[in-house]
Amino acid sequence: MKKIFQMGLVALVSVSMSETVMAQIGAPFIHDPATIMECDGKYYTWGTGGSPLVSSDGWVWSSEGGARIQVGAAPDMIKIGDRYLCAHSSTGGGLGGGHAGTIRTMWNKTLDPKSPDYEWTEQIQVAESLVDEDCDAIDAGLIMTPDGRLFVTYGTYFGFIRVVELDPATGDRAAGAVDVNVAVDCEATTMIYQDGWYYLLGTHGTCCDGVNSTYNIVCGRSKSPTGPFIDNVGRDMVEGGGKMVLGCRDGYTGAGHFGRYIVEEGVQKMSFHWEADYSMSGRSTLAILPIVWRNGWPEAGYNVKNGVYEIESERRGYALEIATEYVRLGGGRGMFGGGGNQPNTQVAFQKLEDVIGNWPKGNIDVRVIDYQFRPNQKWEFVAQEEGTLGTPYYKIVIAGTNRALAATAGKELTTVPEFTGADEQLWSVDQLVDGTYRICPKAVPGTNEKVCLISVGDSNASLGKFDINDVNCKWNLRQY
Amino acid sequence: MNKNLKSILAVGMAVVLVGCGSNGSKIDPQRIANRNVEYDQYFTEIKADAAPAKPDEKGFIRRWTIIEPINKPNSGNTVFTDSYILAELTKEYFKGQFSNDIKSLPKTGDEVIVETEAPRASGRGGFGGFGGGAPQGAGAGQARPQGAGAGAPGAAQARPQGAPQGAGAGQARPQGGAPQARPQGGAPQGGAPMGGFGGMMGGGAPAAAAPQMVKDTLTWHSVDSKLFNIKLIRFALGSSNGKKRYGLIFNAFTVINCEQDVVVRLAAGSNASSIWWVNGEKVLTLQADRRMVADDGMSKRITLKKGKNLVRAAVINGPGMSDMCARFYNEDGTIFKNYTITNN
C-alpha cells in the first residue's frame, strides 16, 4: 500500500514539476491551512477538519507522518516558548443556518505524533457567537505582539470579524478582555506585525466553488492590534475595505487563509491554500509563496519559474557570467546618428555555438560584468524535486548546456561542465521582502555554514553570510 | 457573499467535537451579554412626513424606503451571472415597482400583493470534505430551531460608526417570532476524494421544475439605518417576524434633494448582487456573488438635478449576510454631501 502511495507521489511530482513552481508538490491537499509550524526538523500544518500535512523540507508535502487533530473549522497555530498553541473553531450553523460558533484553544509540547510528549491539553473556549448575531465565531487566527501580548481574531462571512486578547500563559481569555469588531464579512482572518504596524489579513470572495472560486486575501493595517484597520485607499475593514495580497495566478485559483512564516530577517513566506490547482484536478492545495513588502503593504511574491534569466547584482547592476574569452559582438556600428538613408538591418545576436567551442572543458570561474545578453551570461533555472520551505531547489546552468553553477570548498564559486545533482550544485532561490532574490547553495563542501551568493566588489561573486541589510547578498532575476 | 463550505462542514464538525469530548470552559455570562440583533438595533422606522435627513459624516445614505423582501429562494449564489441579475432585478412584481414618478412614490405602511416563489426549505446535504477523505462520523441531519432573534446574541464592542442623521419618529418593531425548524445538511460523508471539492457549491441553480408560486403581501417601510450600511438581512428578519432570512430580493428607494445641478458618481456596495438607478437610469450593476464593500462599484458621471432625484436599489442574495451601502462622490474624488434625503 505504501509503495503504491509512493508511486503515486512520484507521478504527482512529475506532473507538477513539468508545469510551474507556484504550489507545493507531493500530495498537498488541504483547505484552510494553519500557519506552518516547525517542530524537530519537520514542517506541519492542519486544515479544516484537522487533516494534517507534513514535510521534511517544506517543499514536498503529504499527510504521512502527521496525525489528524480533533478540531473543527480552520485551525491556527503559534509557538509560545516551547509549546504549540492551537486555536480552532466550530459552529452549529451551516449554509443557510445559524451562526453559533466557538473558538477554542489547546496546547501541545510537540507536533510529532510519534513523540511520547504528544498530547493535546484540555480545550478552552475563549470566544463564541450566538445563534443569530452579526458574527460567526470560526476561523481563528493567532498573533503574539512584540510586547508579548497574545490575540486571536475570529469571524467569517456572516458579520463582524472580532479580536480578543488571550493569556499567553494559559491560552484562555485575558482577564477583562473585550471582543472588538475590527472588520466585516471576511473569512480566515489573522494578524501579523511588521515595521510598527499590525496588519489584519482576511479572505474575501467566493469559497469552495472549485475553479470558479474567487477567494482572495486582503489586508488593512493599524497601529493597534484592536484596529481600526484601514486599507490603502483609506477604507476601514469594518466598511469592507481591504488591499489585495493575492487572488489567483495562471493555473491557480482562489487564494485563501493566510499564514506567515518568518524564515529569518528579510525572508518571509505566506502559507495559504489555492481553492483550485488546475494541475491537480482542480483540488484545493497548500501553497507557500514569498512575501514582498512594497510601500508598506504585503504582496505575494514569486517563486522563480523554470526559464532563462540574467542574474543581476543588486549592488551594481552587473550580470553574473562564466569567465570565458571576451568575444566582440559582430555587426552593427553606432555611427552617431549617421548612416544616411541606408535601410535598417537586424544585427545578429551572439549565439552559443559561436563561442562555446573556445570555452574551457573543465571548471570555469564566474565573474560579474556588463550584461550584453551573451551566451555566457544566460542562466537557465530548472526546479528540482526537493527544496526548502516554499521553494524548490534549482539547478542553474548556462542556457543550452549542462554547465552548472556550483559551490566549492572554501566558500567560493565555479561552474562544472556537467550537472550531477550534487548538493553543492543545488540552489534555493528565495524572493526577499524587498523583491530581490537570495540564492543559496544547498551545501558547501567542507562546511555546514549557511551561505548565499554575494557580490564581492562590482565585478566578482563569492559565497558569504546572508544579511538582508547588505546589498551584496541580493540579486535580481531578469527575463527579456 | 455567503457561500462558505466551512459552514456546512461545521455541522459535521460540531458532531466531531461533541464526540471527542472537548469540554469547553465555563463562559462568563457578561461576555455574551448585551449582544442584540433586535430590529431596532439597526433601524428607526420613520413617518412619511419625517423631517429631511442628511448623509452621515462619511456621506453614506442612511434613509431608505424598503419594501419587505420578495422570495427568490436560491440556495446558493453561483447563479448570479450578469444576465440572471438583469433578469431578476428588473422583473416587475408589482405595479409601479420601477416608476420614476416621485409624486406617486409609495408611503411607509403601503402594501402590495405579489406573486412569488414559495420559500424553499434550506439545508444542504453532506459534502466531500476539505483535503481529508478520512472517515467522518456519519449521522443524520440535525433539525435546529432557527427563530430570528432567538437568544438575542449581542454585538461585541463596536467602534463608533456615527449616529444616524435625521431621525424621525421611531417605531420599534418586534423581533423574534416563531422558531422555524430548519433541516440542516447531514454530517460529512467519508471517502470523498482528497481535497476535491470544486464545484460542490454549485447548487443554487433554479430548479428545473416550475417553482411553486404563492401570494405574498409586502409592506413598505421608511427607515433610518443606525449603521452606515443597510443590514438588509435584519430588515428581512425584523419585518417578517423572522420568516424571511435568505433567498430574497430587496427593493429600496430614496429621494436626494439638491440645491443645484451637480455632477457626481454614485458609489455603492452590496451583498450580494445589485442594480442601482438614478432618476430612472440604470447607473451601476454589481454582479456576481460579492460582499458589501464601501465604494465597491462607482457609476459613470451622472447629474443630480436641482430638486428631487430618485435613487433606486435592488439587491438579491441567497444565503448569507445581505446588506448594502451607498454615497455620492464629486468629480474630484471628494465625497458629496450637500443634499438632504427624504422618503418622498
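Okay, housekeeping. Residues count from 1 along each chain as its sequence is written, with chains lettered from A and ligands numbered from 1 in the order written. Since the model is predicted, local features need pLDDT of at least 70 and side-chain atom pairs count only at pLDDT 80 or more, while totals for chains, interfaces and linings use all residues.

Chain A, then. The assignment gives domain 1 (21-300) and domain 2 (307-325 + 349-478); those bounds come from an automatic or database domain assignment. Over C-alpha atoms, the two centres sit 36 Å apart. So who touches whom? In chain A, 19 residues of domain 1 contact 15 residues of domain 2, contact being C-beta atoms, placed from the backbone, within 7 Å. On the domain 1 side of chain A, β18 (252-264), β19 (267-277) and β20 (283-294) each supply at least two residues, and β20(A) has the largest share, six residues. Strands here are DSSP runs of E, at least two residues, numbered from the N terminus, and helices are runs of H or I, at least four.

Over to chain B: three helices and 16 strands. Keep an eye on β6(B), residues 213-225, which pairs antiparallel with β1(B), residues 43-45, over three bridges. Pairing takes at least two DSSP bridges. β2(B), residues 63-71, joins β6(B) antiparallel through five bridges, and β3(B), residues 111-117, does it with seven. B:D224 stands opposite B:T44 and also opposite B:R63, while B:L218 faces B:V112.

Note on methods: Contact = placed C-beta atoms within 7 Å.
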